[in-house]
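This briefing goes through a protein model by topic, from helices to sheet to salt bridges. Please keep the structure open while reading.

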Amino acid sequence: KLTIESAAGVKLSAWFVPGSSGTGAILLLHGIRANKRAMLPRAQFLNALGFSVLLVDLQAHGESEGDLISFGYREGADVSGSIRRLRELAPGERLGVLGTSMGAAALAFSDAHESLAAAVIEALYPGIEDAVANRLRLRFGSAGTWLEPLLLAQLSPRLGITPAQLRPIERVLSLRCPVLLVHGEQDRHTTIEEGGRIFAALPGPKEFYLLPGAAHVDLHGFGGKEYEQRVGDFFARHLRTEG
């Protein structure tokens, strides 16, 4: 167990598990209202393949400091600080990130893109308007459309950010490392069409891994061994430096 200093100045609770030299090191980022424990199954299978893994509680989650959740925006500073610490913990290793939902958004909003050799992005929303509209429709049906402007109007007074700032699709334009985009075919929180827009925006080498029948769920738990093979092989191709 260790403490990481976020670029935002808050202290983050984290776990680090070393792997085999030359295999690579991976930062794991949980979704909203979860914590690093949610990433333990991914950490276990990745570490079994030899990767070093760093699991972190993003600010205002788990055991980390912070009071407000900003849907990945301020959490991007947590990713920046965590990548710097991972470079110290695993010197000489190629670095990767796996982020789910809000964790993927935090990666998009970080300034760590140039440090990465590979990234796995799961169920990333393109913009906060899309995310809010989808969730309101799921809960209230067509009536949810009327509530969207009211909720979005609360972002600035409550969080100090605007909807225009919460657009991960614009930030992934600078993510030039190889990216594996993972998405559930039946995801109604972040639709397959929105996943397609994210994929089209990615500028570097990219792959799309679609899980038929999966909604906005734990895609590792849903995909099982197939998920582990796809994600493990992807990281192995881009992170390994051993002969």
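The expected span of a helix is 1.5 Å times one less than its number of residues. The model discussed here is predicted.

**Helix α4**

- Helix α4 covers residues 128-140, and its 13 residues should therefore span 18 Å at 1.5 Å a residue. The C-alpha atoms at its ends are 18 Å apart, in agreement with that value.
- The buried residues of α4 are Ile128, Asp130, Ala131, Val132, Ala133, Asn134 and Leu136.
- These buried residues pack against three helices, namely α5 (144-152), α6 (155-159) and α8.
- Gly141 follows α4 and has a positive phi, near 70°.

**Helix α2**

- The same check applies to helix α2 (residues 75-89): 15 residues at 1.5 Å each should span 21 Å, and the end C-alpha atoms are 21 Å apart, so the two agree.
- Buried positions in α2 are Glu75, Gly76, Ala77, Asp78, Val79, Ser80, Gly81, Ser82, Ile83 and Leu86.
- Strands make up part of the cover over these buried residues, including β1 (2-5), β2 (11-17), β3 (25-29), β4 (52-56) and β5 (95-100). Helix α3 (102-109) is also included in that cover.

- Six of the six residues of β5 are buried.
- In a regular strand, side chains alternate between the two faces of the sheet.
- Both faces of β5 are covered. Leu95, Val97 and Gly99 are buried on one side, and Gly96, Leu98 and Thr100 are buried on the other.
- Strand β5 pairs with β3 in the parallel sense over five bridges. Within this pairing, Val97 of β5 is the bridge partner of Leu27.
- Strand β5 is also joined to β6 by five bridges, and these two strands run parallel. Thr100 has Glu122 of β6 as its bridge partner.
- Between β5 and β6 the chain passes through α3, and this β-α-β crossover is right-handed.

- Strand β6 runs parallel to β7 (residues 179-184), with four bridges between them. Here Glu122 has Val182 of β7 as its bridge partner.

**Salt bridges at Arg42**

- Arg42 and Glu122 form a salt bridge through their side chains, at 3.1 Å from N to O. Arg42 belongs to helix α1 (residues 40-48) and Glu122 to strand β6 (residues 118-122), so this pair ties together parts that are 80 residues apart in sequence.
- Buried means under 20% relative accessible area. Arg42, at 3% relative accessibility, therefore counts as buried, and Glu122, at 2%, does too.
- Arg42 also meets Asp218 in a salt bridge, at 3.0 Å from N to O. Asp218 sits in the loop between β8 (206-211) and α9 (219-239), while Arg42 is in helix α1, so the pair ties together parts that are 176 residues apart in sequence.
- Asp218 is partly exposed, with a relative accessible area of 37%.

**Other salt bridges**

- Arg197 and Glu193 form a salt bridge in which the closest N and O atoms are 3.9 Å apart.
- Both residues lie in helix α8 (residues 192-201), and they are four residues apart, about one turn of the helix.
- Arg197 counts as partly exposed at 28% relative accessibility, and Glu193 counts as partly exposed at 47%.

How values were computed:
Residues numbered from 1 in each chain as written. Heavy atoms only, no water. Buried < 20%, exposed > 50% of the residue type's maximum accessible area, 1.4 Å probe, protein only. Contact = heavy atoms within 4.5 Å. Salt bridge = Lys/Arg side-chain N within 4 Å of Asp/Glu carboxyl O. Pairing = 2+ DSSP bridges. Right-handed = clockwise from strand over helix to strand, strands pointing away.
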